[in-house]
Amino acid sequence: MPDFFFFINEVLWGSIMIYLLSGAGIWFTWRSGMIQFRYIRKFGRSLKNSVTPQPGGLTSFQALCTSLAARIGSGNLAGVALAIGAGGPGAVFWMWVTAIIGMATAFAECSLAQLYKEKDSKGQFRGGPAWYMARGLGMRWMGVLFSIFLLVAYGLIFNTIQANSVAHALRFAFNCPEWLTGGALALLTLLTIVTGLKGVARLMQWLVPLMALLWVSTSLLVCAIHIDEVPNVIATIFKSAFGWREAASGALGYTVSQALTAGFQRGMFSNEAGMGSTPNAAAAAASWPPHPAAQGIVQMIGVFTDTIVICSASAMIMLLAGAVEHPSGSTAGIHWVQQALVSLVGGWGAGLVALVVGLFAFSSIAVNYIYAENNLVFLNVDSRLARNVLRAAVLGMVFVGSLLSMPMVWQIADVIMALMAITNLTAILLLSPVVALIARDYLRQRKLGVPPVFDATRYPEIESQIAPGTWDDLPRQ
């Protein structure tokens, strides 16, 4: 069975996903007018606008932190270690590439999620890939298929990875029994998810910045202590990315293909650009200014923060540690990070990694449930019984994931991730004329010096597709 999943991953990631992801990112970079490069200097202003509350949904900042909570998980630590182990230091460079071009893909999918969102029975905005597949493409069957993939991935598979990483990190650092970690994590998750979408979002807007700051500060401290080695590490990343690293360096030789594949796999698992998960959070926001592109721009910040900032922080720790013994087994990634930090700062490093991965995993699991619950709404099975069954499944997988050694779990996750991405990328590529229209409309109004407001009556074909009332009565300053 492991060989089967390895073969499927080789086919999906070696022959399909790399070309599809890079192609989609380049396509949307062009169709959106290079929007990630044009607005990177204005991210501060976008964040300032994102805290403005509007009726009917989360603030854009809450939606950003909620999506970041799902992005920032064990993939930012264990995933980076596994990428370096599989593709060498050059994999870090290709993770950066996935982020830069993935920002345009994230803009596309999150702008579409905003455009085609609708209100549920409680007046809360709901939306995501399933909605723009149904409304924008008129293909509800595709939305149903995507929702099933997401329920399997975010309700079950991905939560086992998060729980497995934190349980074994705590065992390594404090000799804490896995069953205790699994039970505590499941209980904390339950207490959080019963508060619903808004309750989780309110928690994440405080927790996510704090835990990200903790890990990035740790990396900066390590870099400051070993400042003389930092230029060489950065040079090694670039040399290894293109196969220029000398064999005499004593490190394992990695091909460009290995570095590229590992970087794209782990980069996408981390920042989730194009996978179709983030739009579920983006659609829940009542953006200011009231334009679909505004939330797309805010969500680009999430991709940048996740990969360029947080994954790079992990990579610097791993590479500065040098030739640390590479553990084997299903928990190799997180143990490798712990051993690397211990070698750099001492014994307390293992405990710090355990704390950080615990926070990352908890936030990811809570938001994973919110994503899964959102798609129950689309499938019209959002009853109390269905939500309770989903909660029981999520909590069960958290507990089981903390106990078992699962050598196939990353392989299965990669397969599910690829299936989600193929479905979502197909949809947003088909809707690329709408993405281009949204971007042009936003940029046009910015050039005129007015706060962008989406006027659906200017685009009759789109007006007939969007949910009634969503963009009719927009808030004004």
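Six salt bridges are present in the structure, a salt bridge being a side-chain nitrogen of Lys or Arg within 4 Å of a carboxyl oxygen of Asp or Glu. The model is predicted, so that local features need pLDDT of at least 70 and side-chain atom pairs count only at pLDDT 80 or more, while totals for chains, interfaces and linings use all residues. Residues are numbered from 1 along each chain as its sequence is written, and side-chain values use heavy atoms, with hydrogens and water left out.

One of the salt bridges joins Arg135 to Glu118, with an N to O distance of 3.0 Å. Arg135 belongs to helix H7 (residues 129-135) and Glu118 to strand E1 (residues 118-119), so the contact ties together parts 17 residues apart in sequence. Helices (H or I, at least four residues) and strands (E, at least two) are DSSP runs, numbered from the N terminus. Arg135 is partly exposed at 27% relative accessibility, as is Glu118 at 24%; buried denotes under 20% relative accessible area, exposed over 50%, and partly exposed in between (1.4 Å probe, protein chains only).

Asp441, Arg444 and Arg458 are linked in a network of salt bridges. The closest N and O atoms of Asp441 and Arg444 are 2.9 Å apart; both residues lie in helix H19 (residues 432-447), three residues apart, about one turn of the helix. For Asp441 and Arg458 the corresponding distance is 4.0 Å. This second pair links distant parts of the chain, 17 residues apart, with Asp441 in helix H19 and Arg458 in the loop between H19 and helix H20 (460-463). Asp441 is buried at 2% relative accessibility, whereas Arg444 is partly exposed at 33% and Arg458 is partly exposed at 47%.

Aromatic pairs number eight, where rings of Phe, Tyr and Trp (its six-membered ring) pair if their centres lie within 6.5 Å, and planes under 30 degrees apart count as stacked, over 60 as edge-to-face and the rest as tilted. Trp96 and Phe238 form a tilted pair, 5.9 Å centre to centre and with 55 degrees between the planes. Trp96 lies in helix H6 (residues 90-115) and Phe238 in helix H11 (residues 230-241), 142 residues apart. Trp96 is buried at 19% relative accessibility, and Phe238 is partly exposed at 36%. The rings of Tyr154 and Tyr371 are 5.6 Å apart at their centres, with planes at 65 degrees, so this pair is edge-to-face. Both tyrosines are buried.
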